Each structure stands twice: as structure tokens, then as C-alpha cells.
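Morning, everyone. Please have a look at the screen.

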Amino acid sequence: MEILCIKHIGFEGPGAIAQWAQRNGHNLVVLPIYQSQHLPSPEKFDAFVIMGGPMSVHNEAEHPWLVKEGAYIRSAIASGKHVLGVCLGAQLIAHVMGGKVTAGTYKEIGWFPIQPTEGCPTEFTIPESLKVLHWHGETFSIPSGAQPIASSAAYANQGFIYRSRVLALQCHLEMTPEGLALLAAACSHELVDGPYIQNLERLKSEPTETYEKMNETLFQLLDNWSL
């Protein structure tokens, strides 16, 4: 597969998604849209990966490229392409599909478990309790026609699937220790007291086994998403 990965900021890259692409023989092209608003013809790619970022889908005045990117994502979905969104990327997918993106009751920053939703399609199910990394303060409603696949104690909607080709993940299953170090260095000011916010020491103390199980679950999801 030819995959275009759209980055919104320097410290949020594809992480383990790049590992999955490499081990499956896919070509992953990374485009930092914040540096250049040029988007290549979607016909050149089989799939699109939309990464996270600290901005909101509603920050179009500060980041005018969000408008162009939204139209690009909408077109890719309409043409039956494979589209994956992570955090902000998931919110952008929900937004262009008619869902609502709103502030959450609490910010969710840290290692907290997600659970599969009732009725989650078998090929996109996750372990009964999977500890993953969260770093977000907004949430989305499930667009019409999409199926929710995961939830957490703080956020009912942690992901959805649409027609087996559009996968939205609010949490960061792609995270690696190196990626978390970059994210924490850039956004440590958000680590304030809160019911679902962990401190920097706690964030960085998660064992390797958690990353491995989380990444492997992501790889299984991507294997089915890419069919």
C-alpha cells in the first residue's frame, strides 16, 4: 500500500504505525502539513493516516490548513480509501462525517484502560481491558453509520469504525517511549491536578510490556483495516 501520513506538529509522528507499515511492506510518506499546505492528489495513495496535535478542529482561524485538510479527508472517505485518524485525526474524521467535537468533562492524560464496546465488530475488537496512553481534552460523537469500538472511564467514545475502512482512535495506541518523551517535553504544562491526569514521573514509568501489548493490538486493528 501507498500510505500518506499527515502530521500536524513536529512532536506527534506515526510512531508504531511506521513499524507496522515497514514490516508489512507498505510505503509510508510523512507530510508535515503545518510546514506546507500542499496536499498531493489522493489518487496516488491507497490509505491515509491523520495524526494528532494540540490544536482543535475548531481552530481554523489559527490554522487555516485545517479547512483544506478536512475537505481532503472527506474526499478520501467518499472515494472508499482507507483512512485512519489518531486523537486530533480521529476528531477530524468525526467532524467531516457530521459528528460533533466538543470539550470533555475532564482532560484525560495518562495510562488508563479502554474497553471494547458492546457490539464492536469482531475484527476490530480489543482486549477486555487494555491500558493505553491518552492525551486529550476534547471528544467526538459517533457519526451516522459508524460503529463505536472502545470506551474508557473518562470518555465514552474512544474509537469507531466505518465500513471497515475508516478507523478513528481517540487514544494513542501508536505511542512509543521515544514519542512520549517528545510529547511530554512539549506539553508538560498540561500536567496539572485532575482526576484523569497523571504526573510526568508516572507517565514515563510505564513498563515496556504495556507498549508492546498496546502496539500489538494496534497492529491487529491495522491488519484488518488495510484489507
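How many aromatic pairs does the count come to? Seven aromatic pairs. Keep in mind that this is a predicted model.

Let's take one of the pairs. A pair of aromatic rings is described by the distance of the centres and the angle of the planes. For phenylalanine 140 and phenylalanine 160, the ring centres are 5.4 Å apart. Their planes stand at 85°, and over 60 counts as edge-to-face, so that is what this pair is. Where do the two sit? Phenylalanine 140 is in strand β6, and phenylalanine 160 is in strand β8, residues 159-162. They are 20 residues apart, so to speak of the pair is to speak of a link between distant parts of the chain.

Now the helices. Helix α2, residues 65-78, packs on α3 at about 70°. The axes are 9 Å apart. That angle makes α2 roughly perpendicular to α3. Who meets whom? From α2 come Leu66, Glu69, Gly70, Ile73, Arg74 and Ile77. From α3 come Leu92, Ile93 and Val96. By class, this contact has six nonpolar residues, one polar and two charged.

Last stop, the largest pocket. About 240 Å³ of space lies in it. It is lined by 17 residues, and the closest to its centre are Gly53, Pro54, Trp135, His136 and Gly137. Strand β6 gives the largest share, four residues. The lining has seven nonpolar, six polar and four charged residues.

Technical notes:
Residues are numbered from 1 along each chain as its sequence is written. This is a predicted model: local features need pLDDT of at least 70, side-chain atom pairs count only at pLDDT 80 or more; totals for chains, interfaces and linings use all residues. Side-chain values use heavy atoms; hydrogens and water are left out. On a 1 Å grid over the protein atoms alone, a cavity is a set of points where a 1.4 Å probe fits but cannot get out, and a pocket is an open set with protein on both sides within 12 Å along at least five of seven lines; lining residues have an atom within 4 Å of a point. Grid points are joined across faces, edges and corners, and a volume is the space filled by probe spheres set on the points. Helices (H or I, at least four residues) and strands (E, at least two) are DSSP runs, numbered from the N terminus. Ala, Val, Leu, Ile, Met, Phe, Trp, Tyr, Cys and Pro count as nonpolar, Asp, Glu, Lys and Arg as charged, and the others, Gly among them, as polar. Axes are lines fitted to C-alpha atoms, for helices over the stretch in contact, and angles run from 0 to 180 degrees between N-to-C directions. Angles under 35 degrees count as roughly parallel, over 145 as roughly antiparallel, 65 to 115 as roughly perpendicular and the rest as oblique. Contact means heavy atoms within 4.5 Å. Rings of Phe, Tyr and Trp (its six-membered ring) pair if their centres lie within 6.5 Å; planes under 30 degrees apart count as stacked, over 60 as edge-to-face and the rest as tilted.
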